[in-house]
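Please keep the sequence and the 3D view open as you read.

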Amino acid sequence: MHHFTYQHGRLFAEDVDIAALADEVGTPFYVYSTATLERHYKVFAKAVGAPKSRVFFAMKANSNLAVLSTLARLGAGADTVSEGEIRRALAAGMPANAIVFSGVGKSDAELAFAVDAGIYQINIETEGELHALSRIATAKGKRQNAVFRINPDIGAGGHAKITTGSDDNKFGISLSEAERLYTVAANLPGVRILGLATHIGSQIHMLDELQLAFGRLRELTERLSSLGHRVERIDLGGGLGIPYEMAEAVEHGPGLIEDYAAMVAKTFADLDLELAYEPGRLIVGNAGILVTRALTLNPRAGKTILVVDAAMNDLIRPAMYDAFHDIWPIREPVRGGPERLYDVVGPICETGDTFATARTLPETQPGDLIALMTAGAYGAAMSSTYNSRLLVPEVLVRGAEWAIVRPRPSYEELIKLDRLPGWLS
Ligand SMILES: *Cc1c(COP(=O)(O)O)cnc(C)c1O
C-alpha cells in the first residue's frame with residue numbers, strides 16, 4: 001500500500017502533483033509520502049505489539065531528518081550503525097533511550113559517544129568489542145546496557161551482498177561462543193548484558209530462514225537462562241522484504257508483516273522477554289520514489305536506449321544488487337497507447353549505470369518525466385557525488401503540503417569540500 005496514484009491523468013504523491021513539483025524543484029529528485037511512512041510504521045508496530053515490544057527503525061535505509069522525525073512522533077526508535085547516525089537520530093528528536101547501536105566494527109570514539117549519550121543498547125559483535133566497551137564505560141564511571149549479536153549460521157536475503165547470517169559472513173558472535181562470552185561479561189564492570197540480537201539479511205520473502213534463526217536464538221536463550229545468565233531482551237533485527245512490483249505492492253501491502261508477527265509470537269510467546277525489531281526497508285521502501293527526466297533516445301536494433309538525468313550515484317541498487325525498480329511515467333499511460341522496449345540508463349560512463357533492461361514502457365520522449373518506484377529505502381541514503389554530480393534533493397509530502405527536506409547543493413558547495421595544499425595554491 002502506498003500513496004502514489006494517478007489523478008487527473010498525472011502521478012500524484014498524496015495530493016501533490018509530481019509534474020508541478022518537478023517544475024519547482026528540478027530533476028532528478030526523491031519524493032517521500034508521509035501517509036505511506038506512517039501507515040507502514042503503524043501496521044508493523046501494531047502487528048508486533050508495540051509499545052510492549054520495541055521498534056527501532058533501521059535508519060541506514062533512509063536517514064533524512066524529516067523521515068526520522070515523522071517516525072519518532074509515532075514512537076519509533078532508531079537502529080543506528082555509526083556515530084553519525086546516532087547524532088542524526090538525536091537531531092531528529094529521538095530520545096537517547098530509543099537508540100540502539102549496531103554494526104560490525106565500532107571505533108573507541110563511537111563507543112564513547114554512545115555511552116556518553118546514554119543510548120538504550122549497544123549490540124556487541126565481537127569479544128574485542130565487549131572488552132573495549134567495558135573499558136570505555138568504566139573509565140566514565142558508567143555501565144552500558146548491551147546485547148550480543150548472534151550469528152545463527154542461517155543466511156537469507158534477496159542478494160549475496162545483503163545476506164548477513166551465515167557463519168562465513170562477517171557478522172556477529174557464533175552460537176557456540178555465546179555462553180563463554182556471557183561468563184566473560186559477568187566479570188566486566190562496564191557492561192550489563194541483557195540479552196541477544198540477530199539480523200540475518202535483507203529483502204527476505206520467505207519466513208522459513210527467519211523462523212529457523214529465531215528457533216536457534218530461543219534454544220540459546222533457554223540454555224543461557226538455565227546457566228543463570230540474564231536474557232531479558234531479544235532483538236530480532238530487520239530484513240523483511242517488500243514487493244518491488246507495484247501491482248503486488250498495492251495488493252499485498254508492505255510485506256509479510258502479519259505472518260511474521262505470528263511466527264515470532266509462536267517462537268517466543270511463553271518466555272518473559274522484551275522483543276525488539278529493526279525494520280528498515282519495510283517502513284520506507286514503498287514510501288519513496290525517484291523522479292527523473294528523459295534526456296535523449298538512442299535507438300538500437302529491437303530496442304531503444306532511454307537516457308535519463310538520474311544515475312547510479314543517485315540510486316545504486318540496480319548496479320549494486322541487480323535490483324528491480326518499477327518505472328511509472330508521470331503522465332498516466334492511456335490504455336492501448338503505443339509502447340516500446342527500453343533500456344533505461346543514466347548518463348554515467350559505466351554499463352552498470354542501468355536502471356532497467358528490456359523494459360516495456362509507454363512511448364517516452366526526451367523531456368518526459370518518469371518515476372523509479374520503491375526508491376525510499378537505500379536510495380538517497382546510498383547516494384554519492386560520483387561524476388561530480390550534485391546530491392539529489394529530497395521532498396517530503398504530507399497531504400497537499402510539500403517541503404524540500406534536503407535541498408540540492410550548489411556546485412560551489414560541492415567544489416569547496418576540497419582544499420588545495422599550500423604547494424598548489
Ligand atoms: C540493515 C540492518 C537492518 C535493516 O534491514 P532491512 O532489510 O532494511 O529491514 C536491521 N538491523 C541491522 C543490524 C542491519 O544491519
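## Aromatic groups

Which residues form one aromatic cluster? They are F44, F214, Y260, F268 and Y277. Before going on, a word on the source: this is a predicted model, in which local features need pLDDT of at least 70 and side-chain atom pairs count only at pLDDT 80 or more, while totals for chains, interfaces and linings use all residues. Residues are numbered from 1 along each chain as its sequence is written, and side-chain values use heavy atoms, with hydrogens and water left out.

Searching the whole structure turns up 9 aromatic pairs. One of them joins Y6 and W328, which are stacked at 5.7 Å centre to centre with 25° between the planes. Rings of Phe, Tyr and Trp (its six-membered ring) pair if their centres lie within 6.5 Å; planes under 30 degrees apart count as stacked, over 60 as edge-to-face and the rest as tilted. Y6 sits in strand β1 (residues 4-7) and W328 in strand β16 (residues 327-329), so this pair ties together parts that are 322 residues apart in sequence. Helices (H or I, at least four residues) and strands (E, at least two) are DSSP runs, numbered from the N terminus.

Y6 is partly exposed, with a relative accessible area of 24%, whereas W328 is buried at 17%. Here buried means under 20% relative accessible area, exposed over 50%, and partly exposed in between (1.4 Å probe, protein chains only).

## Around the ligand

The ligand is surrounded by 14 residues, and the closest are K60, S202, E278, R281 and Y378; a residue counts here if one of its heavy atoms lies within 4 Å of the ligand. By class, this shell has 3 nonpolar, 6 polar and 5 charged residues. Ala, Val, Leu, Ile, Met, Phe, Trp, Tyr, Cys and Pro count as nonpolar, Asp, Glu, Lys and Arg as charged, and the others, Gly among them, as polar.

A polar side-chain atom of S202 is 2.3 Å from a ligand oxygen, a backbone N or O atom of G239 is 2.8 Å from one, and a polar backbone atom of R281 is 2.8 Å from one. Taken alone, the ligand exposes 390 Å², and the protein buries 93% of that; these areas come from the Shrake-Rupley method with a 1.4 Å probe.

## A buried glutamine

Q144 belongs to strand β9 (residues 144-151) and is buried, with a relative accessible area of 4%. Leaving aside neighbours within four places in sequence, the contacts of Q144 include A114, Y120, L133, G190 and R192. Contact means heavy atoms within 4.5 Å.

## Backbone details

Most residues other than glycine have a negative phi, and most peptide bonds are trans. The bond from T27 to P28 is cis, with omega near -10°, and P28 is in the loop between α1 (18-25) and β4 (29-33).

Is H8 buried or exposed? H8 is exposed, with a relative accessible area of 66%. H8 has a positive phi of about 50° although it is not a glycine, and its place is the loop between β1 and β2 (10-13). T374 also has a positive phi, near 55°. T374 lies in the loop between β19 (369-372) and β20 (394-398) and is buried, with a relative accessible area of 0%.

Notes:
A polar contact is a pair of N or O atoms within 3.5 Å; within protein, one must be able to donate a hydrogen and the other to accept it, and residues adjacent in sequence count only if both atoms are side-chain atoms.
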